[in-house]
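Here are a few notes to keep beside you as you look around. Take them in any order you like.

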Amino acid sequence: MSEEAIPDRTLKFLPLRSFIHNDFWHKYAEIKIDIDRLDDSGRPIVGTVALKSGASIVLEVACTSFNATYQDDSLQGFRCKGILLNHNTMDSFKMCDKNLLLRKQALQFYHDLMLQDSIQCSADLVHFLLLSFADLKTYKFFHWFAFPVPTELAYKYDAGQPIPPSIDEKLRVSIAQFLYQKPMPNDPFFMYHTVNGIKLLSEYIQHRNIDANFRGEDMENIYFCYYDPSGCANAAPVGWHLRQMLTYIVLTSPALAERGIKCIRVTGSTAAELQLSLMIIHLPKHVTVSNLTLWAGWESDRNGKYLPRLSSLHDSMSPESLAENAIDLNLKLMKWRLVPTLNLEAIKRTKCLLLGAGTLGCNVARSLMAWGVSNITIVDCGKVSLSNPIRQSLYRFEDAINGGKPKATTAAERLQEINPAARIVGVNLKIPMPGHPIGQRDEEQDTRDILQKLVHLITEHDVIYLLTDSRESRWLPTMLGAFYNKQVINAALGFDSYLVMRHGTKNDNNIDTKVDIGSLCPDGFRKIDCCDLGCYFCNDIVAPGNSMKDRTLDQQCTVTRPAVSNMASALAVELMVSLVQHGNAAAYYRIRKSDTLSQQQEPDGLLGIIPHSIRGNIATLQTLVTATERYTNCVACSPSVLERYACSQDDFIINVINGSESLESVAGLSQMMSSMYDGNDAKDTIDFESDLSDD
């Protein structure tokens, strides 16, 4: 190669540009919330430099950039590796030392690269960095691309060099076959040997012994080729990515230091558009990467200013999608630091049936939606009255005028307005009750139809909430819940007190979990397995009847302090969420004579203890966590009652409703009470009273 005087012509480089597809941020929002959370160490990503002509070289990233195995045939081009560094706060994004960060990432890149025997594909040299801050509340993403190169390496060039006619035709054919074939290689940089044809960089450059690279090679026969989609073949400046390749050659090929190399610029998006131009590029002296202290490469905006950019997803997402993501955000943030093993998917897919759309029903429904439950059915037979909206949060004044709208469907509509992505169903249905006899034959058939609907609803849902306003309205759902082994949660109100409890279930119910809270019972406690826990009626020795008969208005209505319902509803939902995490968890209660000041604590789950029942009184500001065993003569869940229902189904229920069949007799309470009054079995009487005392 000629040793003529080198013209004082410094090679200029056209900066790379970036383009972010909206689906890139959509995907990263999911990754940040569900996987990365607070991890800001960096996530590898892939970008594409398209095989097309344009005014500048554009690197594109999309949702597929996060794939471990990158496969995207929609855009033909070169796959380049980069890293996404997302900051957890806006301040850290603004205040980080950008120059120091660029140098650190560049040194790390070349350090990792040189640990390999050789470069795997030349597109790896188009290394990039994406600095970002993701504001997931507003779906705004601040970002800044960088393509690191050392500023201390300068290059001179001689342009307008003709390609020797002896190799021109063969060179064009070789490059056309190499670049535009399908599948195309991932090598924007390659070499051409006048005798051996197309060669890869890895065939000439090894990392273990860099002094041997190109040592003894006849450089007259070797051309360095690079694909450059920017501008025309004979125009300067050249693409920024060439500067990244030249940096690699300077670092890995001391034999070429301060020498001129022949470089062929390849343009054209197809073989028919192929253009070639030759220039001589004069390399600086050899250096090691640790000696390079100043790095450049941050992308400027359209006005030439070096500032971050902003992407907003509000214009690319529907309001419904934004709402759904925003609803899940608070829940997923729990997993970042507070409860990493929380199973949100199990909560979300839990199907809840709410029996009652009054004060309790409205509050329970709102809390369920706040936990991400998206499948809720509400059952009620009433209409919105003028006294309801002030206490029942899902209704408005206009719902109560003109006779009132049906509560169940109106509550469902309101919930759907809050979260359009949820599946909310309202069912106008009156629950058959003991003590409320059925009249004519037509009414009996209507009752049978209602029973079929109610059974269907209970079997189709995982958790049944009893939120009705009378004791007798809870009997049938309690019995059916026990028969079909559903998780039943009961909430009942007094004037300044409340009761929240779960009913016992067997091990084969629909709540699926793998989290175990332990099986050992701590000192000072007794343990009741889930299958042995009592229901709402297990503490009673009389069957439910008509609680509205001979009652004044204040006795017929649930007269309660306004905040009591909110407290009970919240606890009922939190109890369910804990059960979803732990399934058939046992309940514990403290032995009466145990040391209450002891440090011993009952086992708890991810979200705290999982009680059987919670009894609260806001007048005394006291809460009791109690547990009750299943009562063998219970009028709702005892084996004798369930067996009677299994034999006669609807006939049994109708008989109970009409009073022709006594629940006390079926459950064995009548016989027991008779023996007590007759004094025939004193021992059994004492044992029964002892059991009640323990409960």
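**Notes on selected residues**

1. Thr350 sits in the loop between helix H7 (344-348) and S17; helices (H or I, at least four residues) and strands (E, at least two) are DSSP runs, numbered from the N terminus. This is a predicted model, in which local features need pLDDT of at least 70, side-chain atom pairs count only at pLDDT 80 or more, and totals for chains, interfaces and linings use all residues. Residues are numbered from 1 along each chain as its sequence is written, and side-chain values use heavy atoms, with hydrogens and water left out.

2. Is Thr350 buried or exposed? Thr350 is buried, because its relative accessible area is 4% (buried means under 20%, exposed over 50%, partly exposed in between, with a 1.4 Å probe and protein chains only). Leaving aside neighbours within four places in sequence, its contacts (heavy atoms within 4.5 Å) include Val373, Asp462, Val463 and Met576.

3. Now look at Leu354, in strand S17 (residues 351-355). Leu354 has a relative accessible area of 0% and so is buried. Beyond its neighbours within four places in sequence, Leu354 touches, among others, Gly361, Leu368, Ile378 and Tyr465. Val463 is 109 residues from Leu354 along the chain, yet their C-alpha atoms are separated by 8.5 Å.

4. Glu443 belongs to helix H11 (residues 441-460). With 40% relative accessibility, Glu443 counts as partly exposed.

5. Finally, please visit helix H16 (residues 650-658), where the buried residues include Asp650, Phe652 and Ile653. Just after H16, Gly659 has a positive phi of about 85 degrees.
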